[in-house]
Amino acid sequence: MARTRKVTVSTDVHGHTAGWSETEQAPPATPTPDPTAAAFFDVDNTMMQGASIYWFARGLAARKYFTTGDLARFAWQQAKFRLLATEHAGDMSQAKEAALAFIQGWRVADVERLADEIFDELMAPRIWAGTRKLAQRHLDGGQRVWLVSAAPVEIGRVIAARLDLTGAIGTVAEVVDGAYTGRLVGDLMHGPAKAEAVTQLAAVEGLDLARCAAYSDSANDLPMLSTVGHPVAVNPDPALLRQARERGWDVRDFRTGRRAVKIAVPSTAAAGLVAGAVSAGLAVHRRRRTP
């Protein structure tokens, strides 16, 4: 049976619009807390193998919310959006239009319940043990640890709660009366948006960014990595590896083999994680059922 943990959305207006939310039960304080330092971890291919939103979609497919054919279209759409993000950085209008349309009308509580179940089934076995240990070191040092992902903040928050982390920063979907409208609040949490959210969170929480650390696998996260004093490339793509070497950043690779092939699912990048990929299947072929 899936373990459950209640998670709540921050009601703070700045936190909501910036895309961050704490877990209900943050890690217990250490005897020597370090309140001005924190660590920020990208999720997809940094904290876990593959894309969290893809595993969520697979879990929904297993529950007959849509078909395996829709899932294949989802994967193809993610690849297309990855190319868009790489070649046209900052031009995410197409992705934004499609983002989160698939959950229009769904209840937030139902999505969180499903994410909690699917974490056990598909995400937990794919958490990189090495990256989780890096996060634990920060926790053991009295620092807060936040996940930062383009995936919906509700999914990020569930993952953070299950890993006993402080909270998550993610894309925010508009909610009215506890249900999703299918529209976004602000922009997709990608590229410069991650750096902006981290900077805003630091201002609210009294963090010294020069003492903070950030971890990512993707060159798309260079803005976030450049914002903190201790950037680390984890399982880096070629572009990030090149930048890390040029800038003298620490590099950690938990994949097996020098040129290890990442798990064969759509990887992180831009809007594809929350964009028309899922909606291409669900919005058109969605079952006549809701969670």
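User: What covers the buried residues of helix 7?

Analyst: The cover includes strand 1, helix 2, helix 5, strand 3 (144-152), strand 4 (167-176) and strand 5 (179-185). Covering is judged by contact, meaning heavy atoms within 4.5 Å. Helices (H or I, at least four residues) and strands (E, at least two) are DSSP runs, numbered from the N terminus. This is a predicted model: local features need pLDDT of at least 70, side-chain atom pairs count only at pLDDT 80 or more, and totals for chains, interfaces and linings use all residues. Residues are numbered from 1 along each chain as its sequence is written, and side-chain values use heavy atoms, with hydrogens and water left out.

User: Why is helix 7 called largely enclosed?

Analyst: Buried means under 20% relative accessible area, exposed over 50%, partly exposed in between (1.4 Å probe, protein chains only). In helix 7 (residues 153-162), 10 of the 10 residues are buried, so the helix is largely enclosed by the rest of the structure. Among them are Glu-154, Arg-157 and Arg-162, along with Val-153 and Ile-155. Asp-164 follows helix 7, with a positive phi near 60°.

User: Which residues does Ala-168 touch, beyond those up to four places away in sequence?

Analyst: Its contacts include Val-153, Gly-156, Arg-157 and Ala-160, which are buried residues of helix 7. Gly-19, Trp-20, Ser-21, Trp-146 and Leu-147 are also touched by Ala-168. Ala-168 sits in strand 4. Its relative accessibility is 1%, so Ala-168 counts as buried. The C-alpha atoms of Ala-168 and Val-148 are 5.9 Å apart, across 20 residues of sequence.

User: How do you know how helix 2 is oriented against helix 5?

Analyst: Two packed helices are described by the angle between their axes and the distance between the axes. Axes are lines fitted to C-alpha atoms, for helices over the stretch in contact, and angles run from 0 to 180 degrees between N-to-C directions. Helix 2 (residues 52-62) and helix 5 (residues 108-123) pack at about 100°, with axes 9 Å apart. Angles under 35 degrees count as roughly parallel, over 145 as roughly antiparallel, 65 to 115 as roughly perpendicular and the rest as oblique. Helix 2 is therefore roughly perpendicular to helix 5.

User: What makes up the contact of helix 2 with helix 5, by class?

Analyst: The contact has 9 nonpolar, 2 polar and 1 charged residues. Ala, Val, Leu, Ile, Met, Phe, Trp, Tyr, Cys and Pro count as nonpolar, Asp, Glu, Lys and Arg as charged, and the others, Gly among them, as polar. Helix 2 contributes residues including Trp-55, Phe-56 and Arg-58. They meet a helix 5 face that includes Leu-114, Ile-118 and Met-123.

User: Why is the pair of Lys-194 and Asp-42 called a salt bridge?

Analyst: A salt bridge is a side-chain nitrogen of Lys or Arg within 4 Å of a carboxyl oxygen of Asp or Glu. The closest N and O atoms of Lys-194 and Asp-42 are 3.0 Å apart, so the pair qualifies. Lys-194 is in helix 8 and Asp-42 in strand 2, so the bridge ties together parts 152 residues apart in sequence. By this rule the count is 14 salt bridges.

User: Are Lys-194 and Asp-42 buried or exposed?

Analyst: Lys-194 has 2% relative accessibility, so it counts as buried. Asp-42 is buried too, at 1%. The side chain of Lys-194 also makes a polar contact with that of Asp-221 at 3.1 Å. A polar contact is a pair of N or O atoms within 3.5 Å; within protein, one must be able to donate a hydrogen and the other to accept it, and residues adjacent in sequence count only if both atoms are side-chain atoms.

User: What makes Asp-34 buried and Arg-211 partly exposed?

Analyst: Asp-34 has 15% relative accessibility, so it counts as buried. Arg-211 has 36%, so it is partly exposed. The two form a salt bridge, with the closest N and O atoms 2.9 Å apart. Asp-34 is in the loop between strand 1 (20-22) and strand 2 (38-42), and Arg-211 in the loop between helix 8 and strand 6 (213-216), 177 residues apart.

User: Which partners does the side chain of Arg-255 reach?

Analyst: It reaches the backbone oxygen of Pro-236 at 3.3 Å. A polar contact of 2.6 Å joins it to the side chain of Asp-253. Arg-255 has a relative accessible area of 16%, so it is buried.
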